[in-house]
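Here are my notes on this one, point by point. Have the model open while you read.

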Amino acid sequence: MAGAHAGARPLARADAAFGEGYRHQLVWTYGFQNPGEVERWKVTVDAHSGEVLALEDDNHYLDATIKGGIYPLSSTGICPDNTTCGTMQLDTPMPWANTGLASPNNFTDGAGVFNYSSGNVTTTLAGRYVRVSDTCGSPSTSSATGNLNLGGANNQHDCTTGGGGAGNTPASRSAFYELNRIAELGRGWLPNNTWLQNQLTANVNINSTCNAFWNGSTVNFYRSGGGCRNTGEIAAVFDHEWGHGMDDFDSGGALSNSSEAYADIASIYRLQASCVGYGFFATTNLGCGMTPDGTGYNQNEAQAGGTWCNTRCSGVRDADYLAHANQTPATPQNFVCSRCSSGTGPCGRQVHCAAAPVRQAAWDLVARDLQAAPFNYDSNTAFIIGNKVFYQGSGNVGSWHACNCSAGTSDGCGASHGYMQWLAADDDNGNLNDGTPHMTAIHAAFNRHGIACSTPAPANSGCATGPKTAPTATATPSDGQVALGWNSVPGASEYWVMKTEGYAGCDFGKVRVATVTGTTYTDGEVANGRQYCYSVVPASSSACYGPAAACTCATAGGPCTPPGVATLSTPADGAANVALSPVLDWADVAGATSYEVQVATDAAFGTVVRSATALSNSTWSVTPALTANTQYFWRVRAVSGCGAGNYSAAFRFTTADTTCQPAAAPVLATPSNGATGVALSPVLDWGDVTGATSYEVQVATDAGFSSVVRSASTLPTSTWSVTPALTAGTQYFWRARAVDACGAGNYSAGFSFTTQTGGGGTCTTPPVATYDAALGTPVCGNGCGCDTGTLVNSRGSQFLAAEPNEPNTLDGCPDGPFGFYHLDESIDRVVLRSVDGGPITPGKQVKVDVTVWCYDATDKLNLYYAPVSGFPLWSTLVTGLQCTGSGAKTFSHTFTVGSSVGQHVLRAQFVEASSPQLSCTFGFYDDNDDVVFGVSAAVASSPPPVPGRAGPREGDSLSLLRRRQPARVRGWRCARRASWWSIARLSPRGGR
């Protein structure tokens with residue numbers, strides 16, 4: 001223990017009157033440090049009584065950074081413009097890098113910053129999300145002073161180091177930075193994807209040339225040579241190979257066809273550059289001439305026939321058809337079938353070459369069609385929309401489109417085709433027949449390349465009440481932070497804060513770093529001296545959002561500036577007949593971490609009668625009550641880590657001459673305090689308050705309600721269904737207050753609850769069903785899912801293998817009697833799993849996988865659902881999930897379980913094209929199979945109902961309350977082409 005010291009110290013008094021908050025007191029101070037810890041503790045003790053007055057860490061911590069030189073897009077050594085830049089960017093922060101220090105400072109943050117007090121800092125670029133392995137050696141580099149610069153210089157390549165370990169190479173640093181950045185972009189749109197939360201290994205400087213690959217678990221990059229540059233020094237190659245991994249581990253859990261299209265889109269949307277891998281061909285002449293900057297040779301994308309030259313791309317391909325010599329949009333007919341060699345991709349052609357129509361359609365969407373009438377979005381908004389639709393709409397793509405080179409046909413009409421899946425991601429209500437918000441742009445982009453679908457007819461609709469205008473955003477930098485502010489937008493209930501950084505400024509893919517309900521946000525994850533660029537998107541739900549604010553940039557650093565002046569709201573200046581315990585309200589202040597408020601009886605605030613400090617929200621209910629029929633003055637100031645700002649100009653008000661009081665605080669009911677397993681759109685319920693005319697409710701991620709993520713006001717009843725849906729596996733806090741003629745009352749005490757977990761859960765092996773003779777169907781009890789196994793394999797009395805216990809339907813709906821097993825149509829298996837991996841309870845999402853045998857591409861799957869209660873009253877889940885050819889196929893769809901507990905039933909109906917859309921069909925080749933599964937009571941418990949009120953409670957029908965929530969899974973409801981429905985077969989098929 002360090003020595004003790006005596007002296008007089010200024011100390012705060014807990015019971016002080018106004019103006020007497022501090023006094024001097026004689027104290028002893030002692031210091032000590034625990035072995036193996038960096039904290040140096042100081043204890044302050046009253047010299048007379050021995051009372052411990054304070055215990056605090058006396059270290060003065062500093063922000064330290066890990067940074068180094070990276071190649072930002074290419075490694076050509078020059079930077080003519082943002083889309084071809086190849087000069088090393090020095091002092092680039094290394095995000096989420098390991099530091100060698102103890103937790104919680106064992107990793108840097110997203111800006112490469114960490115808290116440092118003492119000790120040796122060592123990074124091996126084995127970060128929280130990315131780990132680099134360099135065949136040149138270990139990247140290990142150390143510093144004894146905290147800040148660590150990995151160095152680097154322009155035109156260094158391969159095994160040339162920036163100092164430190166032999167593996168501190170341009171490829172190691174560039175891979176670490178870029179792979180972290182694109183993974184961050186993916187997490188912004190797919191926050192529950194488990195692959196994005198894990199560490200990815202990147203192997204660089206492999207002793208080979210002219211290639212890179214994804215092997216199912218790692219990304220791998222080669223050294224320079226053979227006419228090619230080092231693929232570990234080219235950002236688009238990082239992003240492309242990462243894109244294969246994302247394709248492999250998205251919601252579909254398998255690679256799309258062609259996955260090269262998926263990977264290319266990930267790259268061009270992150271870098272906002274159409275050339276994939278600029279600079280790859282350094283000295284290899286492919287017959288298309290040199291690039292305009294003279295650093296390499298243009299690619300020839302054709303593998304057969306004549307050339308198909310790029311004019312400004314020395315990478316592996318260019319997604320902009322106007323950057324090709326012939327300036328012709330690639331289609332399956334004019335390019336894939338005639339210019340690509342044979343392979344396993346679309347049209348039976350080589351996968352890279354056959355992806356041309358898809359990557360060009362994706363580029364057209366953001367670079368042309370969203371920026372054209374009727375949308376006329378700027379590039380910033382167009383790329384935000386493109387990234388959202390790509391990440392949320394590509395997870396269940398099977399084949400990106402259909403193609404028949406012999407017939408000269410192609411389309412994107414299949415349920416799992418890229419066009420239909422992107423429409424589904426853009427949709428606001430789960431019904432494509434009535435259009436989507438950006439449907440004509442998506443159709444124009446895909447149709448230009450022959451991979452769209454004419455049905456449903458393109459129409460821009462939906463989100464009628466959503467925001468329509470862009471906010472105006474400002475960014476104010478200070479020491480270690482950037483404070484953002486913007487105006488409110490009509491129709492918006494939340495705002496998405498988008499962020500990017502790097503040499504290209506606003507022209508890099510932006511990450512969704514926060515969703516807030518207010519009009520301010522302070523970004524503390526920045527490094528001083530580095531520029532960060534922001535935009536703000538107004539939204540009313542996950543599907544309904546308006547144009548983004550113009551991108552604005554700021555460089556963190558400089559003097560620490562206190563926050564600005566608050567703008568007072570209510571009571572308005574000069575208000576009369578104000579309640580004796582009024583709710584004071586003011587606008588949020590950018591950068592503020594808390595607020596202080598004063599109420600006085602004079603304009604100079606010489607007599608302050610009420611005050612509050614450390615308020616986490618921009619509102620305060622005056623307590624205790626004021627005096628009736630008296631004039632008061634009130635003011636507010638904002639506080640941040642840089643100190644307190646100036647007080648606002650004062651407002652005055654006069655209290656009522658009665659004892660009018662705002663309504664009492666309500667008593668919360670459900671979800672009960674501490675409840676777990678709560679639905680993502682829960683029904684919040686609280687007791688009625690006498691005299692209340694409306695209610696206000698808040699949902700936050702912290703007990704102090706400084707981060708309110710959902711809110712509602714002017715609610716006529718004491719219940720509210722949270723919308724948009726919350727995040728799975730997350731703890732939330734909620735509170736409510738009543739409003740009457742005297743104003744808003746005090747908020748209730750907050751309750752906490754935790755939502756059901758998400759992201760695939762642990763229901764990897766759901767219970768296997770048994771046949772129930774009384775019901776006539778396969779049945780499972782309560783659990784996380786249900787698997788029919790072989791119980792519904794085949795159909796009816798098919799030759800070679802009849803279906804066991806056919807027809808396996810509750811209502812006796814029959815199977816078609818004709819055909820041969822695994823030649824004609826049949827359902828082989830039905831598997832249900834809860835999305836969160838837990839027991840199936842009311843309001844949860846359940847994924848169903850149906851394996852069928854397709855006779856041809858006209859067959860389709862329909863799904864229906866009902867509680868088991870007498871004769872089933874079927875609800876349609878989805879219709880028209882279409883085969884892409886003959887053979888086995890698995891369809892997937894996700895639905896929300898209804899409100900009741902007990903037995904529920906799902907019907908899988910697999911039919912030929914001529915069958916009508918009914919819950920029971922009688923076609924000669926139709927197969928109807930039911931599976932009954934248990935729905936147990938929710939985990940969350942609730943207290944008894946509040947007497948004297950009625951209304952929906954936790955567990956009420958979420959399927960009704962969330963009727964218009966868009967699904968995000970394969971198998972979207974969509975109209976089929978008229979020709980599919982017009983094929984009539986009135987007799988058994990022959991010649992099979």
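1. What share of the 992 residues of the protein counts as buried? The answer is 56%, where buried means under 20% relative accessible area, exposed over 50% and partly exposed in between, with a 1.4 Å probe and protein chains only. Bear in mind that this is a predicted model, in which local features need pLDDT of at least 70 and side-chain atom pairs count only at pLDDT 80 or more, while totals for chains, interfaces and linings use all residues. Residues are numbered from 1 along each chain as its sequence is written, and side-chain values use heavy atoms, with hydrogens and water left out.

2. On the overall make-up, I get 11 helices and 53 strands; helices (H or I, at least four residues) and strands (E, at least two) are DSSP runs, numbered from the N terminus. Among contacts (heavy atoms within 4.5 Å) with a separation of 6 or more, 63% come from residues 24 or more positions apart.

3. Take α3 (residues 259–271) and α7 (residues 379–393): their axes lie 10 Å apart and the packing angle is about 150°. Axes here are lines fitted to C-alpha atoms, for helices over the stretch in contact, and angles run from 0 to 180 degrees between N-to-C directions. That makes the two helices roughly antiparallel (under 35 degrees is roughly parallel, over 145 roughly antiparallel, 65 to 115 roughly perpendicular and the rest oblique). From α3, Tyr262, Ile265, Ala266, Ile268 and Tyr269 meet Phe383, Gly386, Asn387 and Phe390 of α7. By class, this contact has seven nonpolar, two polar and no charged residues; Ala, Val, Leu, Ile, Met, Phe, Trp, Tyr, Cys and Pro count as nonpolar, Asp, Glu, Lys and Arg as charged, and the others, Gly among them, as polar.

4. Next, α8 (residues 418–426) and α9 (residues 439–447): the axes come within 10 Å and cross at roughly 165°, so this pair is roughly antiparallel too. Gly418, Tyr419, Trp422, Leu423 and Asp426 of α8 meet Met439, Ile442, His443 and Phe446 of α9. The class count for this contact is six nonpolar, two polar and one charged.

5. In α4 (residues 332–339), the buried residues are Pro332, Phe335 and Val336. They fall within an arc of 115° seen down the axis, so they line one face of the helix; the arc is that of the directions from the helix axis to the C-beta atoms. Their packing partners are α5 (351–354), α6 (356–369), β17 (402–404) and β18 (409–411).

6. Some backbone spots to check. Most residues other than glycine have a negative phi, and most peptide bonds are trans. Threonine 455 and proline 456 are joined by a cis peptide bond, omega about 0°, and proline 456 is in the loop between α9 and β19 (473–478). Cysteine 463, also in the loop between α9 and β19, has a positive phi of about 55° and counts as buried at 13% relative accessibility. Serine 794 has phi near 85°, lies in the loop between β46 and β47 (826–834) and is buried at 1% relative accessible area.

7. Finally, look at aspartate 787 in strand β46 (residues 785–787), buried at 6% relative accessibility. Its C-alpha is 9.5 Å from that of aspartate 849, 62 residues apart along the chain. Residues that aspartate 787 touches include Pro766, Cys780 and Arg829.

Technical notes: Lists of a residue's contacts leave out its neighbours within four places in sequence.
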